[in-house]
Amino acid sequence: MNRILLACLAGSLVLSVAAVPAAQPFNGQCPGQLCAYMRDLGIPGSKIYRKSGKELWACDSSRRKLPQGEPAAASDIQYRVLGAQTQAQKQVLELRMRSYRQPQGVLRAFSHHVDVLLEKTLGTGLTEEMYQAIMAPHAGEWWLNGHLATLRKLRSKGSVYDLRFVLEYGSTRPAPLWFP
C-alpha cells in the first residue's frame, strides 16, 4: 500500500512539474529585437546579430560618452547581446568610468540605462537595491523573472574602473534547501 501511495505521489509530482511552461528567454524576444535596444538606449552601433566566433553570435554597440559634467565626462557606455544563432543568452551594459571625482551624475545616467533595458527586456524596472549597488558602486546579484542580473565592478587598464551589468538567461538558480 505504501509503495502505491509513493508511486502516485511521485507521478503527480512529475506531472505538476511537466505542466509548468518553460520560461522564455527575455520574454520570447528574438536576438534582433534585443540588439535594436541600442537605438532605444541612444547608443550607436551595429544592430545586426551575427556570428562572431566558432559558436558565438553577438551584436555590439560603439562606446557612447556620457556628458554628465567634469571630470567624469569622458566616461562611456557600451551595449552587447551574446548567444547562439537563434537565441540570445546575455545582455551586457558596461560603463567605463574615467574618474573617481564626482561620479554621481555618470552613475545616475548608467542606472537610467539599466532601468530602460530591464523595462524593455523583462517589463520590470530597476529595484531600489540594484540602484543602491550601482550608486555605491559595488557588486550585486539578483533574480528577475527567471533571469540572473549581476553587477560587477572591474578594474581596468587606463580607466579608473568599469561597471558591468549582465542580464543572463539560462543560469541555474541555487536549489532551495529542503528539510524533512
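**Core, helix packing and aromatic contacts in a predicted model**

In this predicted model, the largest nonpolar core holds 39 residues, of which Tyr79, Leu93, Leu95, Phe110 and Phe165 touch the most other members. Helix α4 (residues 104–122) supplies the largest share of this core, eight residues. A nonpolar core is a set of buried Ala, Val, Leu, Ile, Met, Phe, Trp, Tyr and Cys residues joined through side-chain atoms within 4.5 Å. Buried means under 20% relative accessible area, exposed over 50%, and partly exposed in between (1.4 Å probe, protein chains only). In soluble globular proteins, nonpolar side chains tend to be buried together.

Residues are numbered from 1 along each chain as its sequence is written, and side-chain values use heavy atoms, without hydrogens and water. Local features need pLDDT of at least 70 and side-chain atom pairs count only at pLDDT 80 or more, whereas totals for chains, interfaces and linings use all residues. Helices (H or I, at least four residues) and strands (E, at least two) are DSSP runs, numbered from the N terminus.

Phe165 is in contact (heavy atoms within 4.5 Å) with Gln91, Val92, Leu93, Phe110, Val114, Leu118, Met130, Ala149, Thr150 and Leu151, leaving aside its neighbours within four places in sequence.

Helix α4 also packs against helix α5 (residues 128–135). The angle is about 145° and the axes are 9 Å apart. Axes are lines fitted to C-alpha atoms, for helices over the stretch in contact, and angles run from 0 to 180 degrees between N-to-C directions. From α4, Gln104, Leu107, Arg108, Phe110, Ser111, Val114 and Leu118 meet Met130, Tyr131, Ile134 and Met135 of α5.

Two aromatic pairs are present. Phe26 and Tyr169 form a tilted pair, 6.5 Å centre to centre with 55° between the planes. Rings of Phe, Tyr and Trp (its six-membered ring) pair if their centres lie within 6.5 Å; planes under 30 degrees apart count as stacked, over 60 as edge-to-face and the rest as tilted. The Phe26–Tyr169 pair links distant parts of the chain, 143 residues apart. Phe26 lies in the loop between α1 and α2, and Tyr169 in the segment after β8 (161–168). Phe26 is buried, at 0% relative accessible area.

Asn27 sits in the loop between α1 (2–19) and α2 (31–35). Its phi is near 55°, a positive value in a residue other than glycine. Asn27 is partly exposed, with a relative accessible area of 47%. Asn145, in the loop between β6 (140–144) and β7 (147–154), also has a positive phi, of about 50°.
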